[in-house]
Amino acid sequence: MEGRADSYELIDVKAKKKNPRNGGRPKNKVLDKLLQECYRRSAPEKVVYRCAAEGCGEVFSNRNLSRTLRHSTKCLELPTDLRKMAAAHLVKRAPSKKVLDNPSSVSGRAASIEMNPKRQKCENKMASSPADLDASKALEKTSLLKGRRARHAKLDLEIVKMFCVAGLPTHLASRVEWKNVFYAADPSYTPASRDKLEYDQIVAEAEHVCEEQLMYLKTRDNLTISYDGGTSRGKEAYWTLHISTPEREVYLVEGREATSDSHTGVWIKNFAMQTINEIGPSRFCAVVCDSTGNTRLSRNLIVREVPTMFELADICHHISCVIKDIVKLTHFKLPIGVVRSTITTFNKSHLGHTELKEARKALGVGRGLEAIGKTRFGTIILSSASVQRCAPAIKKVVEQGRLMLKLEMASRFQRHPSRPTMEFDFALAQLVDLGLPAVKSLACLEANEANAADVYIFWHAMVHAMREVLTDSNHDFPIAIQEQVIGILNYRHRQVFDDGNLANGIYLAATYLDSTYLRSDLFKEPRNHGIAEPFQNDAFAGIRHPSTFRIVATFLVGVAEQEINHGHKPPLTRWKGRAAEFKTQFLKEFKAYARHQFPYNLPVNEKDGACIWWNAIIGSNNAQILPHIAIKIYSVRVNSMPDERTVSTFTWLTPAIRAQLTVQSMVAMTQIHQYHKTQIKVRTQCY
């Protein structure tokens, strides 16, 4: 039994030195370092064990190694060396580690003997002498034991993978039927109990997965970190942390239970910096998360500590805020109210659901109604579009009269023309047509592969499409509503792209550094971002959009300066203390790029992407600085959607019947789930 106790309530017991002459079971040195023997003031006769960290308060009823290691690897109160020691011992208990430690599988001859004992009798008769017979038996026994250990280790690993990847409830491991399956297949194998599976094997395997991921990430540059918080079904608070590579390989590196903590900006910053420091601060290029008060502060604090990192607001949350601002307008109160009541009615009524399904089938309407979700972005627009799509079927259900509906709702779905129906249809069309550009942009920018240039392109495409809908005479938006929506778009635009509190020049710079857009009209309008224009005396002959050129040049110089002074990339750090030479070389390269001169005139393969194009340029005398900055910019993942997807996995793993699954078990299962799902994809692509 475990729990927490106030440090004042616990009284430590001085450890007694064990006399080796007394015999007995030897003490575990790991437990001696991680646990402190004590007793409670209220029950001095009962010995318990607390975490060795002062101020932790975690109490154990006995010296259970698996539970102690499970706690110690995540205990922030423990010194780093003890936490790493606990993690190292936990990894040794991982099923995959045991498979690696037992590589010898049972030999073909030994396996045939185990399956066919008659062969053993036959070989015994053929033995030339009793000595040869004894040696043969000993060899076979050793081979069988090794093969059995290897087979059992492999079974343990596959069971852990099955529970985590398939999302099976761990209580199945305690079922007699489950054990009988393995007994029928291999009587020598006993599958792990629920406690051993959940508190030992799964946690140890997750620690091994995390160790493998960290070892790999320590060899990579231009990593992006993102994080987000949430609450489990068991009402425990948690925070997740993901790291991605330039190839958009995403890893769930940390998941921490934080119910008793105050999630301030400083706390979140310390939570992220622990992983950043372990991998190496200079290996990171960006931090991205949503823009609540504490997360925005944490981003700012991280970038102050690691100046080479970009500080980015999650663009998907930002577009979601645009949608929320628009649907709050009183102009859309009617259609949204009807949409909500319609979806609620047909979702809760068995008759309504059946009638609508039959009507959709008769009229050839495809997908049905979509509920308004709490977590998925833009579902209010998607739900409205589903009502618009199913409107003919809903009108048929209303006309049949078998489903009792409120008078107000029924009046909006009349097959014969009526004013309430036409008003609702028109208002619904306005809402859907105005919101769909934002939803479509969201669908594209939620991808892991989205880069900073995509943000700039899709944002401006979204704004342009929404302005067209607003000014289209067929939609007949009142002037007041047009001004309100345009005001929302302008405010949200300034926040990220101009001088707002979320602004970052990376979006414009990434778009300009994509040679596909270099000579397009995207940069036609002069922009004054409040940045002093550098290099005033330089000639800009042959450079289209010189105003944008100067703005981007200023931003890129700032990025390069941070890398030169605080980074570890030799192509950039070698310019330290050579400011004048650096400025000359950078301008030479950037002007050559803007003029589409060698080596920046290579053909572009849109399937390869910008990173591959810039990598191909490295090595030229006129490409010593710019490609490295461009690659860093294009390596940035611009959203925190991996955190949202992990929360979806948490929800999938913990239905209502499994609400008591702890955060640590939930995170461990998710780490194994995502790791092996990724491995399956890699193997599939190889073939």
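Modeller: This is a predicted model, and we can begin with Asp-476, which is found in the loop between helix H18 (452-471) and helix H19 (479-497).

Colleague: What is the phi of Asp-476, and is that residue buried or exposed?

Modeller: The relative accessible area of Asp-476 is 54%, and because exposed means over 50%, the residue counts as exposed. Although Asp-476 is not a glycine, its phi is positive, at about 50°.

Colleague: How are H23 and H25 oriented to each other, and which residues of H25 take part in their contact?

Modeller: The axes of H23 and helix H25 (residues 626-634) cross at roughly 70° and come within 10 Å, and the two helices are therefore roughly perpendicular to each other. By class, the residues of this contact divide into six nonpolar, no polar and one charged. From H23 the contact takes Phe-586, Glu-589, Phe-590 and Tyr-593, and these meet, in H25, Leu-626, Pro-627 and Ile-629.

Colleague: What is the orientation of H12 and H17, and how many nonpolar residues does their contact have?

Modeller: Helix H12 (residues 315-327) and helix H17 (residues 419-445) pack with their axes 9 Å apart and at an angle of about 170°, and because angles over 145 degrees count as roughly antiparallel, that is how this pair is described. On the H12 side the contact is made by Ile-315, Cys-316, Ile-319, Ile-323, Ile-326 and Val-327, while residues including Leu-431, Leu-434 and Ala-438 contribute from H17. The contact has no charged residues and one polar residue, and its nonpolar residues number twelve.

Colleague: Is Ser-232 buried or exposed, and which residues does it touch?

Modeller: Ser-232 is found in the loop between strand S6 (223-231) and strand S7 (237-244). Its relative accessibility is 7%, and because buried means under 20%, Ser-232 counts as buried. Not counting residues up to four places away in sequence, Ser-232 touches Tyr-238, Val-663 and Met-666.

Colleague: What is the volume of the largest pocket, and which of the residues that line it are the closest to its centre?

Modeller: The volume of the largest pocket is about 1200 Å³. Of the 41 residues that line this pocket, the closest to its centre are Glu-58, His-71, Glu-236, Glu-257 and Gln-664.

Colleague: Which element gives the most to the lining of the largest pocket?

Modeller: By class, the lining has 15 nonpolar, eleven polar and 15 charged residues. The elements that give two or more residues to the lining are strand S1 (2-4), helix H2 (65-72), helix H9 (194-217), strand S8 (250-257) and helix H27 (663-686). With six residues, the element that gives the most to the lining of the largest pocket is H9.

Key: Residues numbered from 1 in each chain as written. Predicted model: local features only at pLDDT ≥ 70, side-chain atom pairs only at ≥ 80, totals over all residues. Heavy atoms only, no water. Axes fitted to C-alpha atoms, helices over the stretch in contact; angles between N-to-C directions. Helix = DSSP H or I, 4+ residues; strand = E, 2+ residues; numbered from the N terminus. Parallel < 35°, antiparallel > 145°, perpendicular 65-115°, else oblique. Contact = heavy atoms within 4.5 Å. Nonpolar A, V, L, I, M, F, W, Y, C, P; charged D, E, K, R; others polar. 1 Å grid on protein atoms, 1.4 Å probe; cavity = no way out; pocket = protein on both sides within 12 Å on 5 of 7 lines; lining within 4 Å. Points joined across faces, edges and corners; volume = space filled by probe spheres on them. Buried < 20%, exposed > 50% of the residue type's maximum accessible area, 1.4 Å probe, protein only.
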